[in-house]
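Hello,

Here is the structure you were expecting, with some notes on it below.

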Amino acid sequence: MTSDPNILDKNTLRLRAENTLMAKEDAASSDRLSFEERRLTHELQVHQIELEMQNEELLQSNEKLTQHQEHLINIIKMTPAGYFRIDLKGRITTVNDAWLRMHGFDSADEIVGKHFSIMQVDNQSESALKHMAELQRGEAIPSGEFVSRRKDGSFGYHTFSAHPVVQFNNIVGFEWFIIDITHRKVAEEGLKKKNAELEQFLYTVSHDLCSPLVTVKTFMGYLEKDMAEDNQEHLTQDIQFIHSAADKMKLMLDELLALSRVGRIETQQVKVSHLEMLAEVLDVLAGIIKERKADIRLPDTDLMLFGDPLRLFQIWQNLIENAIKFSRDDSIPCIELGIQQMSGETVFSVKDNGIGIDPQYGNKIFGIFEKLNPKSPGAGMGLTIIQRFVDLCGGRIWVESDGNDKGSCFFFTLPNVVVKS
């Protein structure tokens, strides 16, 4: 007999059946039967009542079990953790809504019946099989992290906990509970990248700031010597070198300060026409445009931008000014401002016919204090600041050039700024 407290034990069942039968027996009809017939009839009737009572108790227990199962199913369905079950052949039999959302599926019909390896990457299928073998041997209840492939082919990061599914003392499959940690992983990778950038930044700043300091210290020594010798010509040169080094250091510190403020100062976001903003940029650059007789060609189409107007203004001002500044001496600067759709995103461009850039320096020019021509004006941080602006707008910036004297084209995207029509 089952140990379920809701199921009657044998003695209680017998007693209840006897009482029920006694209430139903017809004394008159019993007198017409022999003792043995009455005894057999009595036993059969008691047994029938026992069976009826047992059946009723079993129906009640089954109903409670069904309710319990439905409750568990609802919990699994509503839990924010992903859940899926596979059979011993590795076929997916059950998934919950959270799992479908994590992997980009609309319906369980898209995945149920398929082998679990469909969502595995690299050699993780072998690892999963190893975990299932451990579970079958009762060695461990594995948990850990893994990478899965979503429906669209992208990857997601998860933690997992796996358990065997047991029916009638036999393992019939395995169930997995997973938690999506993709955002955490992406944030960790971003932090690693930022730390690496910070280390490079500190190294570059300390190295480049030392240069004018060394110049100042060196010519201070010459200054003392020339003062003692009353060498007026050398004194003038010494002071000039010291002034130049101090001016360079101030310029570098000013641009470092500007870089540090990027993204830290709250600014008002406004809606602005791209062409109207370009017209304002060209007004500010009118002097250098007229001096170099630059030919500026505007885009054929307009679109709306929503963001920090000063930050957006500086992106185009810097790129257009650089295009004019680094034009070839033997030609009139021709600068083409463009907008195009590439792979479903809006891409802006500033194309020139200038001195060009050796492709090997395509990424280097965005580094802090990087100047391909040491004699060019500025501290070499203009493109670094522009890259930070573009980053804050959720975009990216890159340059393409066929090499020296072949011109160059700067491309950039601003997905968080472009107003979709």
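Which residues form a negative surface patch? Glu 276, Glu 280, Asp 283 and Asp 302 do. A patch takes residues with over 30% relative accessible area and no salt bridge, and joins like charges within 9 Å. A salt bridge is a side-chain nitrogen of Lys or Arg within 4 Å of a carboxyl oxygen of Asp or Glu. Asp and Glu count as negative.

This is a predicted model: local features need pLDDT of at least 70, side-chain atom pairs count only at pLDDT 80 or more, and totals for chains, interfaces and linings use all residues. Residues are numbered from 1 along each chain as its sequence is written, and side-chain values use heavy atoms, with hydrogens and water left out.

Glu 280 lies in helix H8 (residues 274-284); helices are DSSP runs of at least four residues (H or I), strands of at least two (E). Glu 280 is partly exposed, at 48% relative accessible area. Buried means under 20%, exposed over 50%, and partly exposed in between (1.4 Å probe, protein chains only).

In helix H11 (residues 382-392), the buried residues are Leu 383, Thr 384, Ile 385, Ile 386, Phe 389 and Val 390.

Regards

Definitions and conventions:
Patches are made of residues with over 30% relative accessible area and no salt bridge: like charges are joined within 9 Å, nonpolar side chains (Val, Leu, Ile, Met, Phe, Trp, Tyr) within 5 Å. Accessible areas come from the Shrake-Rupley method with a 1.4 Å probe; for residues, only the protein chains shown count as cover. The place of a charge is taken as NZ of Lys, CZ of Arg, CG of Asp or CD of Glu.
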